[in-house]
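Morning, everyone. I'll talk about domains first, then the core. Here is the model.

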Amino acid sequence: MAKTVLKKPIPAASSDPKVPVTLTVNGETVTREASPRMLLSDFIRHELGLTGTHVGCEHGVCGCCTVTIDGRAGRSCLAFAVQADGAEIRTIEGVADEDGTLHPIQQAMMECHGLQCGYCTPGFVMSMLSYLEETPEPDLSEKAIREVLSGNLCRCTGYANIVKAFRRSVELMNAAAD
Ligand code: FES
Ligand code: FES
């Protein structure tokens, strides 16, 4: 029978030379050494300790790892940390006010029971935040909302209450802006 073991081991990721990565995360500029192959999601979670950014599929499907990168929603599992060098990142930890007052989107998710286990919730909030900050008068039809949210998967809720939370977010954000 042919031997299948490798003659030489594949070098572990930890043996890679590290390079400095500087990001502004939730308003704070931080520099850490990271392997060039470290994912942005791992950098955020393991180097910065911001574990509110969740990882599910780690290949761009579920949306759990969504953060904003220079104001646009992006999947942090699909970028290397070094690619984000110099970028402004916002994570779920930077969404509520410093005194703990929830952002209108977080408030709406709570009021409308837009979550059950909550694993997907940071990703939904970051996607909604990015979209609603760019779109002051969004189309509130069921179809349009589901389209906006289609990049995030939820295994628990069946989405109906997340759609309600989207509409409630718009109400609360408009009230806060008045
Ligand atoms: S963990 Fe990034 S899209 Fe699923
Ligand atoms: S609330 Fe459980 S995965 Fe969405």
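The protein splits into domain 1 (17–94) and domain 2 (104–177). Those bounds come from an automatic or database domain assignment. A word on provenance: this is a predicted model, local features need pLDDT of at least 70, side-chain atom pairs count only at pLDDT 80 or more, and totals for chains, interfaces and linings use all residues. Residues are numbered from 1 along each chain as its sequence is written, and chains are lettered from A and ligands numbered from 1 in the order in which they are written.

Taken over C-alpha atoms, the domain centres are 22 Å apart. At the interface, 14 residues of domain 1 contact 12 residues of domain 2. Contact means C-beta atoms, placed from the backbone, within 7 Å.

Which strands supply at least two residues each on the domain 1 side? β3 (66–69) and β4 (72–75). β3 gives the largest share, 3 residues. Strands here are DSSP runs of E, at least two residues; helices are runs of H or I, at least four; both are numbered from the N terminus.

Now the core. The largest nonpolar core has 38 residues. That is a set of buried Ala, Val, Leu, Ile, Met, Phe, Trp, Tyr and Cys joined through C-beta atoms within 7 Å. Buried means 20 or more other C-beta atoms within 10 Å of the residue's own, again placed from the backbone. Among the members touching the most others are Phe43, Ala81 and Phe166. α3 (121–134) is one of the contributing elements, and its 5 residues are the largest share. Each domain provides at least three residues.

Last, Ala81. Beyond four places in sequence, Ala81 contacts Val21, Ala34, Met38, Leu39, Leu40 and Phe43.

Conventions
Contact = placed C-beta atoms within 7 Å. Buried ≥ 20, exposed ≤ 12 C-beta atoms within 10 Å, placed from the backbone.
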